[in-house]
Amino acid sequence: MAAELQSEPLQGLRDTASAGSAVSGRRLRSPAPWRYLIAPGVVIGVISVYPLIKLVQIAFSNVGPTNLIGSWSWVGFANLSAQLHSHVLWAAARVTLELTVMLLVSDLVVGFAVAAVLVERSRTTSAVMSLMTFVWALPPLVSGSVWKFLLASDGPVNGLLGNLGMKPVDWLASPHLALWSVGFVTSWAALPFATLVLRGGMLSVPKDMVEAAAVDGARYWQTQLRIVLPQLRPTMTILAVLAVLYSFQGFNFIFAMTSGGPGTATVNVPFLAYQQAFTTFDLSAGSAIALLAMVVIVLLAIPYTLSVRREEQA
Amino acid sequence: MSSRPLRVGAPPRSLSLAVKIVLTLLYVIPLLWIILEALKSGAQTLTAPNAIVFSPTLATIGSVIGEAGGSVLLSFEVTASATVAVILLGVPAAYALSRRTSRRWNRTVSAVLIILLFLQMVPQPMTVIPLYGVLVRWHLLGSIGGLVLADTALVLPFSVLLLRPFALAVPSVLFEAAALDGATGRQTFARIVVPLLRNGIATVGAIVFITVWGEFIYATNFLSQGSRYPVSALLAQQIGKYSADWNTLMALALLTSLPLLVIFLFAQRRLTAGLTLGAVR
């Protein structure tokens, strides 16, 4: 199907198109490449952009399972204001924030420390990196379900604690600990990526800078913090934005490990939107939550987009 | 002034060793537990779920392969179709967005890039609600085609952004030479751009395969009840059940992971390079 869309319906128009696009004098006449965007543009427009517009429309209407296909009555800001006054949403926002902070600390602080150790090229380093990258590549459901098992009340972790003479811990069943457990596993799964990116950044720091500091007698961590870290600022910024976005998407581990429980202790915003839409079948409420989340994401994405564009123009 | 100057700028050895050991344990143990648990029988799981020493059996894995083998094949079908579709759509898009032919076109490129960046950030669970309605309207709900379409749209923005740096790296001299030789735009694309993008296509192909293989939100919602599900969706349903069938669950997790191990072994270096590139560009 994709191939069909791609075949050239506009062959005849090519010459007109290339003549029309004002190609700057020095360059040779090259045809405007826009026709290569037609097929991907149609797919993205129809399956990605159009549904988002529908999402906004549903958020402003009254839509349930019975009238999903049918006419929707416009209710204005009623859904949005109901959500903004709902303490459930604010609780979910708090969970999202807490997970984000955990992930940021893990990605930036732990990631930096791990990358600083793994930056030295050796056989053991590449073995550890391979192992971590493979785990990163595993489906989140697989790593989520094995941690659900490891952390279960009668699971191996508590078994080990028992052997050491300690009491079992309710890793996933206690409202206080469950969020920490989900945060830990999310960070565990994200750490390989952070390490990979930061290590890449470290390897591109000029070697003589590091060596000069070492010859001056600076210790390893001093060098890392005073010389390497400032060089990594752009990488760190992008990684931080990605961590925030990733934690917004941190749906998979919640789904696999706690289903939002115990109670609503680990329900984050995307999970709440999903629950409202597919468990309660209140599609309008789910869409309203999704819309609010998206506004936040857009605000957060602006610095990222700008930094990417700046690099683009450099 | 003992041995230090020899390892200028290297972490202290004992610390380095300690960190590597901790990381290895942290990432190997969960993998080992998947295998260990999958080798237990139901009775063994009930009596001693945490035992490390036991007589292993292939019965659990065997029965899971019997039940979920078809799902693995379906996963291959969905994942391969989506990967091919993403490459067929993404390569031309990345090529178009890498050209700088006129000022107006450059502005279009910037606008499209911003849209793609934004789409890439939308959390997937939030796209399920409206996509559901769209697929119902088009009578694609419950069909494999609908699922493939949804998966394609999910990874396409990211794939184009990842492919673009590879297309940017094609020297513009080549385009000029091709134009001088009288090659049409289409010939230039097929004979110059596509072959030079081989690395990028392999990298993005591997990442797309991994992502779509593990995708379960669309698969559980967009296929009809009682039909055959891809293996990731099957795993999602098993997780949802309240039971302590850990051996079955882990055998299913193992079955879900093995094809990825193959992909990983083939594409590891490209993955590492591609991921770093994707994050920084």
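Why is helix H7 (residues 140–150) of chain A largely enclosed by the rest of the structure? Eleven of the eleven residues of H7(A) are buried, so the helix is largely enclosed by the rest of the structure. A residue is called buried if 20 or more other C-beta atoms lie within 10 Å of its own, exposed if 12 or fewer do, and partly exposed in between, with C-beta atoms placed from the backbone. Among the buried residues of H7(A) are Trp147(A), Lys148(A) and Phe149(A).

This is a predicted model, in which local features need pLDDT of at least 70, side-chain atom pairs count only at pLDDT 80 or more, and totals for chains, interfaces and linings use all residues. Residues are numbered from 1 along each chain as its sequence is written, and chains are lettered from A and ligands numbered from 1 in the order in which they are written.

**The two chains**

Chain A has 15 helices and two strands, while chain B has twelve helices and zero strands. Helices (H or I, at least four residues) and strands (E, at least two) are DSSP runs, numbered from the N terminus. The radius of gyration of chain B, taken over C-alpha atoms, is 24 Å, well over the 19 Å that the globule rule (2.2 Å times the number of residues to the power 0.38) gives for 281 residues, so chain B is more spread out than a compact globule. Along the principal axes, the C-alpha atoms of chain B fill a box of roughly 75 × 75 × 30 Å.

Two residues are in contact if their C-beta atoms, placed from the backbone, lie within 7 Å.

**Domains**

Domain bounds come from an automatic or database domain assignment. Chain A is divided into domain 1 (2–76) and domain 2 (81–313). Ten residues of domain 1 of chain A are in contact with eight residues of domain 2 of chain A. On the domain 1 side, helix H3 (38–59) and strand E1 (61–62) of chain A each supply at least two residues, and H3(A) gives the largest share, four residues. That side has seven nonpolar, three polar and no charged residues. Here Ala, Val, Leu, Ile, Met, Phe, Trp, Tyr, Cys and Pro count as nonpolar, Asp, Glu, Lys and Arg as charged, and the others, Gly among them, as polar.

For chain B, the assignment gives domain 1 (4–38) and domain 2 (70–280). Their centres, taken over C-alpha atoms, are separated by 32 Å. The contact takes four residues from domain 1 of chain B and six residues from domain 2 of chain B.

**A helix pair in chain A**

Helix H5 (residues 87–118) and helix H12 (residues 233–248) of chain A pack at an angle of about 145°, with their axes 9 Å apart. Axes are lines fitted to C-alpha atoms, for helices over the stretch in contact, and angles run from 0 to 180 degrees between N-to-C directions. Residues in this contact include Leu99(A) and Leu103(A) of H5(A), which lie on the side that meets H12(A) residues such as Leu239(A) and Ala243(A). The residues of the contact divide into eleven nonpolar, three polar and one charged.
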